[in-house]
Structures are given as C-alpha cells and as structure tokens.
Amino acid sequence: MRVGMPHMGSLYIPFKALFQRLNIDFVIPPLTNQRTLSLGVKHSPEGLCIPFKLTLGNLIEVAELGADTLLMPGGYGTCRLGYYAKTQEQILHDLGYNIEMIQLGVSEHKLFGLLKLIKRVANNAPWSKIISAFRFGLSKMNAMDRIERAVQKVRAVELVKGTANQLFARAMSTIDNADDYRTLKKVEADYIDQLNQVAKDPEARPMIVGITGEFYVVLEPFSNFDIESELGKLGVEVRRITFISEWTKFSLFLNPLGVNEKDRIHKAALPYLKRDIGGDGWESVGEKVLHNKEYDGMIHLAPFTCMPEIIAQNIMPSTKENMPVLTILCDEQLTKTGILTRLEAFVDLLERKQRLGNNNRQRVTA
Ligand code: SF4
C-alpha cells in the first residue's frame, strides 16, 4: 500500500512523521505549484471552489508518483466538502488511476475514527505503536505552529525583510528531520530564540490585521499568494486564530468533551447571523465582531463560489462594528499583481484612518 494525501501548508510534515513511525510508505506530492493548479482546473467541473481544484491537482500528482491509497478530508455539513472525496475518486478513475480513496471524516468520527483509520492503513499495527506515532506527529504540528506565531510578529518589524521567512523555512525543514522529542524541543527553542534575536525597527508601530475566512485558503499559502508574507513586507502584523494545531486540539480532543472554542465567535455573530451556514461563514462574521477593537482591519479570504463565505461577505459591511474588511476571492484567476495592489490600497486606507484618529482599534498607551 502506498499512501498519499493532498497538501495544506506544511501539514505533510506531521503526517510524514506519523507514517514513518508506522513503516507506512507515504508518498508526498510536489508542494502545490502552478502545475498542480493547471491539473486541478483542467479536470474539475468549472464552478467548483479552489480547494477542490488544488487538492485534486495534488491527488493527481501523488497518483502519478505511484500512490494507490489516497486520504482525503471530508465530512458532513452544509457545504460541498462532503462530496469532494467521492467526486475526486471518480475523476481519478476516469483518468485511469487505479486508486482507492479513503475519506477522513474527522468531524464525525473524532479521534477514535481517525486512529481506526490509521490502524487500517498501518496494516493493523498495535494500538500502542499507533498512539505513540500519533503523539509524535502532533508534537511536530504544535512546534510548527508555535514558530509560525512568532514569525507573524517578527515579519512586521524586522529590519531586513525576508529574515523571518528564511528562518521559518529552515525551522520547518529541521522539524521535518527531527527524529525524537528531545531534538524537536531543542529545534523549537532554538528557532524561537533566533526569531527573538532578529534585528527589529524600534520605531515600528505595526498595523494589526486579522486573517479570517475559509479554512483551506487561509492555511494554504499557494492559494492566497502567501498573503501573510506580503502583509509582513508592508509592515503589518498578522493575527490569525485558525491554526491546524488548534483545530486538532479542539476537534479531536476538546469538542467531544463539550468544550467548543467557537461558542464565543458564534455568540458574537448572533445579532447578524443566527445559525451555521456551512464551512467557516459563521465564524468569519463572528470574528469581525469579536476583534473589532483589537484589529485595525481584517482580510477575509473566500474561495470564489464558496456559498458560506459569500453569505459572510454580504453580511459583514452591514454590522455596526466598523472595522474595515477586505474580501479577497481566491480562484485560478487571482494574480499576484492583483492581490498586491489591493493589499497596498487597504493598508493605505488603514494608515489614513489612523492618521485621522478614527481607527477602531483601541491602542494601549504606555
Ligand atoms: S467551505 Fe466553501 S470553499 Fe470550502 S469546501 Fe465548502 S464550499 Fe468549498
């Protein structure tokens, strides 16, 4: 059995660690690139959202490399995600790939469902081995996200632009190569330390911009032209609550115990939207309300044709919270120049608001 799955940011690193420890032949497709997009667009129904197209491109590339068992996230809910795996399996079969598609229904089956699925692809390995491999993969995921949070802060104020990104890339590759907990802990501490040492502009008072929107386009830099790095170059500090480690912590461990991290966000959205509309639309509205006084502005990433985010996009301008929100529709027509022009204009607008003294963020003065 040769196992493959689509990319989403650096998620392949913890999965690689998990599968290596279980001696599973894990095939990693090339990082999402222009060819992935072309393959996905060519073989997808036109109106489908960009997460479908990019993940299909990844699956085709991993099947080309010989993977025969493909893992694809999916689940119940109001949006099209529930149909992805079946539709993509059919497309791959029509293209002549002899693959088996396994849907990862994490939202329904939670931790036990996921572990059972890992047991199945691990040829019925003992539970102790599965749990130990799973724990190590989770530790890598947590370390990666802690470093990324530090990077988000440094990018905005570093004197030599690009330094934090270089450290981030090196940190990801070192974490990928770490074989035990001790090394992993050391790598995390070393890189956080190096990020703290980066030369920073002492005069910088960065704008704070939140990133919200649909899960995949928020977490896959190829789909959004690495928007967080571009904002960093403009001297903006990015805040984001969506991290794969947070999602895992709540979805697999805390939600089944009745702890729902999204209750606060849903409550904030209630005056404008009273129920789940699928995907992450309810959360996008709630985040605008919740962070109105913490952020100078918010960027809302929405896949073109994504129903939940279209609803959110239409509600956000009518809330009484007046934080500026820039919605960026992500699809195969989005270009780097297009996104940069909009970002520059948006940051100009936020700076002007600040100069005129009517920005919404409550600044704490020392
Ligand atoms: S939330 Fe939107 S983009 Fe994501 S799968 Fe559903 S419809 Fe597609």
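This is a predicted model: local features need pLDDT of at least 70, side-chain atom pairs count only at pLDDT 80 or more; totals for chains, interfaces and linings use all residues.
Helices here are DSSP runs of H or I with at least four residues, strands are DSSP runs of E with at least two, and both are numbered from the N terminus. On that count the protein chain has 15 helices and eight strands.

Before going on, the sources. Residues are numbered from 1 along each chain as its sequence is written, and side-chain values use heavy atoms, with hydrogens and water left out.

Overall dimensions next. The radius of gyration of the protein chain is 21 Å, close to the 21 Å from the globule rule for 366 residues, so the chain is as compact as a globular protein of that length. That radius is taken over C-alpha atoms, and the rule is 2.2 Å times the number of residues to the power 0.38. The C-alpha trace spans about 65 × 45 × 40 Å along its principal axes. Of the 366 residues, 53% count as buried, meaning under 20% relative accessible area; exposed is over 50%, and partly exposed lies in between, with a 1.4 Å probe and protein chains only.

Four strands form an open sheet with parallel pairing, in the order 6-5-7-8; two strands pair if DSSP finds at least two bridges between them. Strand 6 (236–240) and strand 8 (325–330) are at the edges with a single partner strand each, so one side of each has no neighbour in the sheet. From one strand to the next the twist averages 25°. Strand 5 (residues 207–213) is joined to strand 7 (residues 297–303) by five bridges, and T212 stands opposite H300 in strand 7.

Helix 13 (residues 281–290) packs on this sheet and touches strand 5, strand 7 and strand 8, with its direction at about 175° to that of strand 7. Touching means contact, that is, heavy atoms within 4.5 Å. Angles run from 0 to 180 degrees between N-to-C directions, with axes fitted to C-alpha atoms, for helices over the stretch in contact. Helix 14 (residues 307–315) lies across strand 5, strand 7 and strand 8, at about 150° to strand 7.

Last, two backbone points. N23, in the loop between helix 1 (12–21) and strand 2 (25–27), has phi near 55°, positive in a residue other than glycine. N124, in the loop between helix 5 (106–121) and helix 6 (127–157), has a positive phi of about 65°.
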